[in-house]
Structure formats: C-alpha cells, structure tokens
Amino acid sequence: MKVVVTRKIPRLGIDMLEDAGFEVVGNESEKLLSREQMKEFVKGADAILCLLLDKIDAEIMDAAGKQLKIIANYGVGFENIDLAAARQRNILVSNTPSLLSGQAVAEFTVGLIFSLLKRIVEGDEFARKGNFGGWKPEIFLGQNLTGKTLGIIGLGGIGCLVAKMASAFGLRVVYYKRNRDGEMEKKYRLEYLSLENLLREADIVSVHVPLTKESRHLIGDREIQLMKDGAFLINTSRGGIVDEAALVESLKKGKLAGAAIDTHEYEPEVNPELCGLPNVILTPHIASSVKEVRDDMARLAALNIIEALNNRQPPNLVGDK
Ligand code: GLV
C-alpha cells in the first residue's frame, strides 16, 4: 500500500511506515506543492500524510482515487481538511494531539507574556543596533506580571496549562469557554467570565481555541474596543481567529499596548503592517516547535495510518467518524 507524505517530516515517522511494509513516497522538500502538483502527487495513495498548509478538499481526494483510506494531518489543527468531503467518501481523518505539543505551546505563550511585558524583543533590537548608551533608569519601562489579570479564551489542554503556569507567576487568571468547566476552575483557581467581561477585565488576553466557522475573527474590532486601554493580545492558536486589520488599527492608535502573534491570518504571509510596529512580537508559527514534539507528531501521524491501513481504529480520528 502506498503512503504519500506531502512535506519533509521527522524521519522517525517515515521509518515507522516503511517498517510496517508500506511504500512511502515523500516530497522531501520544504516547499509547498501547488494544487496541480498535489493532484499528481497523491494519485494512487492509500494514505495521505499532510501538513497544515496543504488544502485537502474533495478535488484532491478524488485525484487520489477511491482506494484512499485515511488523511493523517501532521498537526493538532485540521482546518485544512474538508471533513464533510472526507465523510462523504468514507475517508478517515486524523490529527496529532501530542500532549508534548500542548506543553510546548503553553510554555511558548508564557514566554510571550514575559517578552511582551518586559519588552525583551524591543530591547534586543535596540542593543544589537548599537543604541545602548549605558544604563538609564527609564528606558524600556516594562511591567510586572504579578497582580495583572490574564484572560484565557478557550480552556482546552493548552488553555489549562497556560492557566496553571500563569497562576504560579502571580497572575489572576480568568477564562471564557463555551461550556463552563467547574472542575478546572477549582483545580487552577480560575474565574469564569463571559467573553465580553473577560475582554473588559484582562490586562493580557490569550487565545486558545481551534479555528472554525464560528471562531473566525472571534477577536475583531468590536472585541478589541472592549479590551482595556493598554492591554496586550497574544495569539498562538490560529491566525484567522484575530482580525489582523483591526489589530493593526488598534495598535497604531495606541488602544493596545502590544501584541504577540505566532499564528498569522494569511499564512505563510506575515502582515507587513504588523512588521512595521515596534510593540509587536512576530514569530513564524513555532509555538510547538520542539524536537520531541515534532518527533511525537510524526509518530502519531504514522500510527494513525498504520492502524487505518490494517483495518484497526486509528487513535486520533477527528470529525464524527
Ligand atoms: C500547530 O499549529 C498544530 O496545529 O499542530
């Protein structure tokens, strides 16, 4: 049976698939396949192992052929796959919800909170450019975390870990989730607020929800206007959740003090207007980029394929299959 891998992934996953006896055809480059290349590449595949920027819709599924059994996404998010089209064709879809990945994203988020409030990235750039004229009491005045309110939107695995870490640094943590989670509230001493009240009360807002039709532009102009003057926004979830045009405006007008954006609305593009703003930290979607995490994701993606092609239940199915 044939497995196609759309981009370079850690070797461990490929080895697992080969050891399981499959023919593995990889696109060993770091380059995204064009639509036409993708249609050609997937032909005859029993399994497609793909990445977040590969749009896998009905056309690609049909180009693969009727034997296609599973689309295994290398990633926690899977908004790049048309689940309805897969369901119609009886194709399984899986993701890689590695526990290590959640830990990595939560740690990265806390790193961004520190970097923003302490102005570490701005200070780094200043020092590199040779602007440091000696110690002064009032350059790059930052803020302490203790006593500030962190508002977490979405209290899944990552949101909970961020809450736990942030509480340890003396932040008051409030959260919003569609379904209130009494158990986690108690466990991490969190306060539940409506989305509007969270936006009004938080000094730092961090988004941890998946991208769906409902969550697209969850943070738009209206929501940003509800935020405190001088608040910070952090997005390590998915770019489309924050309306970047509204974010740019609010930063330019000084409504928000800063933002840290790891996931971008039009990936792989990074908003040029955000690039021009000093109080923004921009990273290239690397919150979960840790060697152990990437290996674990490769392991999970391969495992899902091995199980599916051996007619067993893959551990990480998504959608309602
Ligand atoms: C990365 O963003 C992922 O979804 O795994």
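## Exercises on a predicted model

**Exercise 1.** Is Ser115 buried or exposed, and which residues is Ser115 in contact with beyond its sequence neighbours?

*Solution.* Ser115 has 15% relative accessibility, so Ser115 counts as buried (under 20% relative accessible area; exposed is over 50%, partly exposed in between; 1.4 Å probe, protein chains only). The model is predicted: local features need pLDDT of at least 70, side-chain atom pairs count only at pLDDT 80 or more, and totals for chains, interfaces and linings use all residues. Residues are numbered from 1 along each chain as its sequence is written, and side-chain values use heavy atoms, without hydrogens and water. Finally, leaving aside neighbours within four places in sequence, Ser115 is in contact with Ile120, Val121 and Ile281 (heavy atoms within 4.5 Å).

**Exercise 2.** Find where Ile139 is and classify its accessibility.

*Solution.* Ile139 belongs to the loop between α6 (120–128) and β6 (149–153) (strands are DSSP runs of E, at least two residues). Its relative accessibility is 31%, so Ile139 counts as partly exposed.

**Exercise 3.** Which residues surround the ligand, and how far is an oxygen atom of the ligand from the side chain of His285?

*Solution.* Start with the surroundings: Leu52, Gly75, Val76, Gly77, Arg238, His285 and Met297 (a heavy atom within 4 Å). Then take the distance: a side-chain N or O atom of His285 lies 2.7 Å from an oxygen atom of the ligand.

Conventions. Helix = DSSP H or I, 4+ residues; strand = E, 2+ residues; numbered from the N terminus. Polar contact = N/O pair within 3.5 Å; in protein donor to acceptor, adjacent residues only side chain to side chain.
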